[in-house]
Amino acid sequence: MKKIALVSGASSGMGRCMVTEIADRFPSLDEIWVTARREEKLKSLAEEFPGRIRIFPGNLRKQEVIDSIVSALKEEEAKICILVNAAGFGKIGPEGTISARDTSGMIEVNCIALTVLTEAVLPYLHRKCRILNFASAAAFLPQPEFAVYAATKAYVLSYSLALGRELKRRGATVTAICPGPVTDTEFFSIAEEKQSIAAYKKAFVVSQEQVVRQAIEDAFAGKTVSVCGLPMKGFRAMTKILPWDLILNYYN
Ligand SMILES: NC(=O)c1ccc[n+]([C@@H]2O[C@H](COP(=O)([O-])OP(=O)(O)OC[C@H]3O[C@@H](n4cnc5c(N)ncnc54)[C@H](OP(=O)(O)O)[C@@H]3O)[C@@H](O)[C@H]2O)c1
């Protein structure tokens, strides 16, 4: 039986960072399977870890790439020990400024693709599989001017918590990763096309390595939610204690 990790969104940012951390920390894994649209970036990642990476280039808004991963799992009789769903994007902007393509794209990539890929590979999970889903601190509270993105991440958090309960019977776990703003990824160059994030949010940035390392530790400790840094932990606590209407009156 081949033991593998599967990482979506592996061509840049935290997905790519996940691949390098997993490669270093889990030498006993036979391969790390990676997917994203940009094939060249996946190839250069594969060159960094010769013989350990298998690439599945493709757009997760289409079913083909998911089908090709499932066929390969079947053919290779592979078991997934670590599944990371990192593919995702957001667009910041007030109502009416985000294109229909980007609006549906956020829902398709962040919610539908994450769910369809996860459900498709469930039969191939190792008994003690760790699933790490990138949600966001935006999942904790509705975000005016980042409304659709935050709603997609609230979905990821809810789905992850429920799936984690179901998989507990088998010994597998699901961890929703909920960072605030993260540096050194391509996220904001895509998100800030129409509008920048509120300046005060930039005061809480953390590095992608911090988020990824903490997420791996939290996942292997069986935590259902991974939040990096005290400010975001405080933010999460606040959203559990105070009425959302009250927070939103002061928030933006
Ligand atoms: N950066 C932050 O501040 C932040 C904070 C909280 C949560 N997050 C979440 O963390 C995750 C990783 O984001 P990041 O910051 O690392 O951003 P990133 O550098 O932009 O990475 C996003 C990844 O998603 C892939 N992707 C996007 N659309 C895709 C599609 N249609 N099909 C297949 N792959 C697609 C991209 O690859 P291709 O372009 O090659 O397809 C890329 O590898 C995302 O889910 C994001 O929402 C980010």
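Q: What is the strand order of the open sheet, and which pairing does it have?
A: In this predicted model, the open sheet of 7 strands runs E3-E2-E1-E4-E5-E6-E7 with parallel pairing. Strands here are DSSP runs (E, at least two residues), and helices are runs of H or I with at least four, numbered from the N terminus.

Q: Why do strand E3 and strand E7 stand at the edges?
A: Strand E3 (53-57) and strand E7 (225-226) each have a single partner strand, so one side of each lacks a neighbour in the sheet.

Q: What makes E2 and E3 a pair?
A: Two strands pair if DSSP finds at least two bridges between them. Strand E2 (residues 31-36) and E3 have 5 bridges in the parallel sense, so they meet that definition. Thr-35, for one, has Phe-56 in E3 as its bridge partner.

Q: Which strands does helix H3 lie across?
A: Helix H3 (residues 63-76) lies across E1, E2, E3 and E4, at about 145° to E3. Contact means heavy atoms within 4.5 Å, and the angle (0 to 180 degrees) is taken between N-to-C directions of axes fitted to C-alpha atoms, for helices over the stretch in contact.

Q: Which residues come nearest to the ligand?
A: Ser-11, Met-14, Arg-37, Tyr-149 and Thr-185 do, out of 30 residues around the ligand; a residue belongs there if one of its heavy atoms lies within 4 Å.

Q: How do you know which values to read with care?
A: Local features need pLDDT of at least 70 and side-chain atom pairs 80 or more, while totals for chains, interfaces and linings use all residues. Residues are numbered from 1 along each chain, and side-chain values use heavy atoms, without hydrogens or water.
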